[in-house]
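Open the model in your viewer and keep the sequence panel beside it. The stops below say what to select and what is there.

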Amino acid sequence: RKSRSASVNSNNSHSNDVTLQVPITKSTATSPTPSAGSIYFIAGMFDGKEKVNREQPPMPTTEGVEYPRAASWAAGNCANVLNDEKGKQLFRVFLFQSLAEENLSFLEAMDKLKKMKSGDEKVAFAKEILETYQASINLSSSSMKSLRNAVASETLDMEEFAPAIKEVKRLLENDQFPRFRRSELYLQYLEELLPRNYAEKWAQSFESLLGNHVGRHHFRIFLRSIHAEENLRFWEAVVEFRSSRHKANAMNNLGRVILSTYLAEGTANEVFLPFGVRQVIERRIHDNHIDISLFDEAIKHVEQVLRNDPYVRFLQSAQYIDLLGKLKSS
């Protein structure tokens, strides 16, 4: 995708005076190569020649944020991070770097539209939203049709916007939020906040290590160095699988992906299991008998493999010792 997301800017967060910036499309992007960390945008809605240099959104500071608060952003669903001012700003930076900031900006624009009182003002702003985002957000044809119908009407029917809003929220929830939780950006922010005593607990508890985002990240790097990373990747995939227990289709899809990625013979990430365990999983998936217990025996084996040797070696590794040296005592 050639276009960068549009953004919603306002000098006053409580004001309805909102300026939208239109992303460059393939046909109009004629600017010189931008400097690192910046992107070129069309400044005016109808002026395709005027461009402005747009910097990356600023990183949120860690001031006033404790580790448990930041760690909670990865728990549950996307609302956890969007409902926290600093979490939302960190997510915005991630989306910018992923060329997907327009999704969050569109939802923010829709929220502003809902709060507007003046009918004429709402109609004008709705048209501006359509003009700004129709080329940069990925919507189904039916949702885009509803969006255009709503804007074409003299009296805005907010229900016509609902399908587009739902699709964009689903994209953030199912695609971009999971990638944010695993991103270097988020993990580095967490590491800045991690108290030393948290990391010290990992030496007494394997469960504490696996249950900590930063701990798992450094354990993964160590496992990669000893060619055993696939075991932790499988463990994380099963955690994600179990978290989808209320979504039958997602659970079925994830189960099959895990089987083909980690348990299929000869795959680059193959996890070796005791005789019969993989066959039971294959049979249950083939028979569509997929539930939260599908990988229970496999995960027990993998946890034991990780605990027996790699965990002990990690605690003696430079990866862990160097991290302890960087962390501040709480």
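**First stop: the largest pocket**

Select helix 7 (162-182), helix 8 (184-193), helix 11 (213-225), helix 12 (229-243) and helix 13 (248-263): each supplies at least two residues of the lining of the largest pocket. Helices here (H or I, at least four residues) and strands (E, at least two) are DSSP runs, numbered from the N terminus. The model is a predicted one, in which local features need pLDDT of at least 70 and side-chain atom pairs count only at pLDDT 80 or more, while totals for chains, interfaces and linings use all residues. Residues are numbered from 1 along each chain as its sequence is written, and side-chain values use heavy atoms, with hydrogens and water left out.

A pocket is found on a 1 Å grid over the protein atoms alone: it is an open set of points where a 1.4 Å probe fits, with protein on both sides within 12 Å along at least five of seven lines, and lining residues have an atom within 4 Å of a point.

Now keep helix 12 selected; it gives the most to this lining, with seven residues. Next pick P178, R181, R182, E240 and S243, which lie nearest the centre of the largest pocket among its 32 lining residues. The volume is about 1,100 Å³, taken as the space filled by probe spheres set on the grid points, which are joined across faces, edges and corners.

Where does the largest pocket lie? Colour domain 1 (67-181) and domain 2 (195-326): both give residues to the lining, so the pocket lies between them. The domain bounds come from an automatic or database domain assignment.

**Second stop: C78**

Go to the loop between helix 1 (67-71) and helix 2 (79-82), where C78 sits. Is C78 buried or exposed? C78 counts as buried because its relative accessibility is 4%; buried means under 20% relative accessible area, exposed over 50%, partly exposed in between (1.4 Å probe, protein chains only).

Show the contacts of C78 (heavy atoms within 4.5 Å). Leaving aside neighbours within four places in sequence, they are F91, L172, E173 and F177. Of these, L172 is 94 residues from C78 in sequence, yet the two are 7.3 Å apart in space, C-alpha to C-alpha.

**Last stop: confidence**

Colour the chain by pLDDT, the predictor's confidence in each residue, from 0 to 100. The chain average is 84. Over residues 1-52 the pLDDT is below 50.
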